[in-house]
Amino acid sequence: MKVGFIGLGIMGRPCVLNLLKAGHAVTVWARRRESAEDLLAAGANWADSPAELAGEVELVVTNVPNTADVEKVLLGENGVAAGAKPGLVCADMSTISPIGARRIAGSLAEVGVDFLDCPVSGGEVGAINATLSIMVGGKADALEKARPALSAMSKSITRIGDSGAGQVAKACNQIAVGATILGIAEVVKLARACGVDPAPVRQALMGGFAASTVLDIHGQRMIDDDFAPGFKAVLHKKDMGIVLETARELGIKLPESAHIAELIDQLIERGDGELDSSAIARLVWEDN
């Protein structure tokens with residue numbers, strides 16, 4: 001496929017490389033061309049604006065920090081919509097609000113462009129290894145158009161429903177990941193308080209019903225006390241903000257989500273926002 005990619009950060013960069021490895025023709029755009037030089041050397045093409053990029057490809061993939069950024073690159077001046085031809089598909093891999101995703105989908109539909117909200121789970125490791133899990137909201141036929149490219153970056157693609165549904169699934173994912181991190185932090189805390197090495201405890205749990213990717217990856221982070229970012233706390237804060245704002249709009253209470261968000265806020269307030277969000281374990285350990 002001819003794919004355009006916008007958002008060349010910790011997740012986007014390896015995704016572009018995997019698209020190139022799979023044989024797709026990739027055109028990229030970033031605010032600073034120098035940030036794309038290694039990708040251009042690997043075979044990607046350069047566009048001078050999102051509008052120019054849109055006119056050259058069948059699929060535009062975006063992976064940027066928040067709802068406002070997605071709206072800017074897709075709908076703003078010289079954005080994708082300005083250069084898009086009818087039939088273009090936009091797949092947004094960012095984590096944004098479900099309401100924002102629906103609004104963007106409506107605006108793009110006016111110029112004949114299909115929008116897929118395609119948030120992902122798997123972090124930097126998943127992006128590097130092309131093992132992301134992609135949750136999709138949008139039209140089924142638009143997903144089929146995008147599937148060859150999305151498959152080059154993922155191990156699973158699940159259509160959840162119409163526009164915004166992918167973002168709902170991602171919000172649910174962030175709750176589950178955060179809650180599991182807290183549970184594992186307490187596992188490590190209890191083991192150490194009992195004078196037991198948490199490493200073989202983790203190993204034993206990985207062989208039973210408690211096994212999970214979070215226990216595998218973040219459990220090891222906790223044992224090593226190494227919280228180099230795979231998914232930064234500042235980004236998890238944004239995602240939990242989406243969770244809680246959605247809950248407020250729906251008039252429902254999510255107490256565990258509120259607790260996770262509170263701990264992430266505390267981590268950021270003490271200057272550790274650039275660490276992996278699993279560093280909230282340190283707060284659990286410090287609370288006697």
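**View 1. Strand 4 (residues 59-62) is covered on both faces.** Leu-59 and Val-61 on one side are buried, and so are Val-60 and Thr-62 on the other. Buried means under 20% relative accessible area, exposed means over 50%, and partly exposed lies in between (1.4 Å probe, protein chains only). Strands (E, at least two residues) and helices (H or I, at least four) are DSSP runs, numbered from the N terminus. This is a predicted model, in which local features need pLDDT of at least 70 and side-chain atom pairs count only at pLDDT 80 or more, while totals for chains, interfaces and linings use all residues. Residues are numbered from 1 along each chain as its sequence is written, and side-chain values use heavy atoms, with hydrogens and water left out.

**View 2. Strand 4 pairs with strand 1 (residues 2-6).** The two strands run parallel and are joined by four bridges. Pairing requires that DSSP finds at least two bridges between two strands. Phe-5 has Val-61 of strand 4 as its bridge partner.

**View 3. Strand 4 also pairs with strand 5 (residues 89-92).** Four bridges link them, again in the parallel sense. Here Leu-59 is opposite Val-89 of strand 5.

**View 4. The whole structure contains zero disulfides.** A disulfide is a covalent bond between the sulfur atoms of two cysteines; the cut-off used is a pair of cysteine sulfur atoms within 2.5 Å. For Cys-15, the closest cysteine sulfur is that of Cys-118, 11 Å away and so too far for a bond. Cys-15 is buried, at 1% relative accessibility.

**View 5. Cys-90 is buried, with a relative accessible area of 1%.** Its closest cysteine sulfur is in Cys-118, at 10 Å, which is too far for a bond.
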